Amino acid sequence: MTQLAQTFEDLTSSEGSAGFSHAFVWASVSETFPTVFGENAVKNWLSKLHYQDFISGRLVIAAPTRFIRDWIQSHFATKILSLLQEQKRDILALDLIVDPSKPTAAPVPANAITGTPTPDDGARLEFLEDGIVISSRLEPKYTFENFVVGKSNELAHAAALKVAESSSVAFNPLFLYGGVGLGKTHLMHAIAWHIRKCHPERKVLYLSAEKFMYLFVKALRFKNIMSFKEQFRSVDVLMIDDFQFISGKESTQEEFFHTFNALVDQNRQVIISADKSPSDLEGLEERMRSRLGWGLVADIHPTTYELRLGILQAKAEQLGKDIPLKVLEFLAHKISSNVRELEGALNRIVAHAMLVGREITLESTMEVLRDLLRANDRRVSIDDIQKKVSEHFNIKTADMHSAKRSRSIARPRQIAMYLSKILTPASLPEIGRKFGGRDHTTVLHAVKKVEELLVQDLTFAEDIDLLKRMLQG
Ligand code: ADP
Ligand code: MG
């Protein structure tokens, strides 16, 4: 929806017909970003870009801050340009400029905030970078009020609330972990909102592990590591989201470890989220691992049917929509993977009903969500694939993530990557992450290699076919 709205705005603000067509190319290329770069990259970075102009061969794209511009420049620009050129050959270069007047498009969670309140706008929080304050958004919906509590998340919720409410440090760190889309980020933002409201004098810093890493590397490069350290060590509450991205990155981990210790020694609160528990996170130094387990480790389990129904009812109410209970029950029953997907499904049926001007019924729901439901019925997870393939080749599941390169391990790993690509909706970067944080090009290479072997080697092909059927059966 946001994508569409943004496109429309871009189109209407363009001058003349030449501008129109380039804005259109930009819009259609941005549609492919989730598949090419992964959902996270889009959510955190790429969704903030806006088409601006096309001047003598250069497509001008605006980013809201210098920080975002630089990151996109160094991580995505080359690939974006080649995608654009595939569509329109007269695009010779991509000019990324900074235009703070453009609002950040999607309701993107803040990447980094400190708790200095700005009175006029509740959703804006400040972020310090090289001593410069940059505004950044915190998702207004992610509050405790909007968080539905059930058996699977009650511990995490209680711990988060406790940390938010108490002025002394309750447990340090608070480590929240659980699968994708189960509410970790929501809870962290809720803590930030709560502290901002009740203790505006406390400095809260929330950022993704990726951003922490980026800032650290940048500080190293520009030799202002001292101010980097000072900034981080002067906060009251430090939150690092998606910590799994730091594992395996030794020097960042080392720096985080020192920051962490400094904060804990000064009795400041540290909150960390990850997709696995400290003991299951790979590529983590032993002392870091044990240190992370010192406070409270709270896991969020997969949702139960009751919780899913509760969440749907709450969301339907927020949307101000009367949706038949039968429909909500059906969704809660059918879409069990994660809350994000559940929300997406609800939004889709509501949008559809509004568009065609009809009531929401069980029939229309099934019709609108046909593809999603089918995908859910035969969903295989990457974890399942890794487990099955390891069993089949008699290697350890841990080797799916390890750095070992011997053929007896590397080949099954490639096969598992290939199967993940064809049997799950995960993008290449997402798959790479699941395999010990490998790059998406490694996954692509694996997929190509397996495809080659399938053609060349009949026994191999039969083997893969067997695995595939076992996984889908
Ligand atoms: P994670 O960070 O664990 O991947 P998020 O916090 O981004 O997950 O949650 C995904 C979506 O699901 C968000 O829109 C969030 O508001 C919603 N959500 C998750 N759990 C709940 C819950 N218990 N109650 C209400 N909304 C939830
Ligand atoms: Mg998250």
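1. Let's start with helix α21, which covers residues 440–456, 17 residues in total. From its first C-alpha to its last the helix reaches 25 Å, close to the 24 Å expected at 1.5 Å a residue. Keep in mind while reading that this is a predicted model.

2. Which residues of α21 are buried? They are V443, A446, V447, V450 and L453. Seen down the axis of α21, these buried residues fall within an arc of 130°, so they line one face of the helix. As background, an α-helix has 3.6 residues a turn, so residues three or four places apart point the same way. On the face of α21 turned away from the buried side you'll find the exposed residues H445, V455 and Q456.

3. Now for the ligand. How many residues surround ligand 1? There are 18, and the closest are V148, G181, T185, H186 and R340. By type, the shell splits into seven nonpolar, seven polar and four charged residues. Three helices each supply at least two residues of this shell: α8 (184–198), α13 (305–319) and α15 (339–356).

4. One oxygen atom of ligand 1 sits 2.8 Å from an N or O atom in the side chain of K184. An oxygen atom of the ligand is also 3.1 Å from a polar backbone atom of G183. On the nitrogen side, a polar side-chain atom of K315 lies 3.3 Å from a nitrogen atom of ligand 1. Taken alone, ligand 1 exposes 560 Å², and the protein buries 96% of that.

5. Have a look at L182 too, which lies in the loop between β7 (174–178) and α8. Is L182 buried or exposed? At 8% relative accessibility, L182 counts as buried, the cut-off being under 20%. The C-alpha atoms of L182 and H301 are 7.8 Å apart, although 119 residues separate the two along the chain.

6. On to the backbone. Most residues other than glycine have a negative phi, and most peptide bonds are trans. Where does the model have a cis peptide bond? The bond from N172 to P173 is cis, with omega near -5°. P173 is found in the loop between α7 (154–165) and β7.

7. K223 is worth a check as well: it has a positive phi of about 55° although it is not a glycine. You'll find K223 in the loop between α9 (209–221) and α10. With a relative accessible area of 73%, K223 is exposed.

8. N267 lies in the loop between α11 (250–265) and β10 (269–274). At 55% relative accessibility, N267 counts as exposed.

Conventions. Residues are numbered from 1 along each chain as its sequence is written. Chains are lettered from A and ligands numbered from 1 in the order in which they are written. This is a predicted model: local features need pLDDT of at least 70, side-chain atom pairs count only at pLDDT 80 or more; totals for chains, interfaces and linings use all residues. Side-chain values use heavy atoms; hydrogens and water are left out. A residue is near a molecule or strand if one of its heavy atoms lies within 4 Å of it. A polar contact is a pair of N or O atoms within 3.5 Å; within protein, one must be able to donate a hydrogen and the other to accept it, and residues adjacent in sequence count only if both atoms are side-chain atoms. Accessible areas come from the Shrake-Rupley method with a 1.4 Å probe; for residues, only the protein chains shown count as cover. Helices (H or I, at least four residues) and strands (E, at least two) are DSSP runs, numbered from the N terminus. Ala, Val, Leu, Ile, Met, Phe, Trp, Tyr, Cys and Pro count as nonpolar, Asp, Glu, Lys and Arg as charged, and the others, Gly among them, as polar. The expected span of a helix is 1.5 Å times one less than its number of residues. Buried means under 20% relative accessible area, exposed over 50%, partly exposed in between (1.4 Å probe, protein chains only). The arc is that of the directions from the helix axis to the C-beta atoms.
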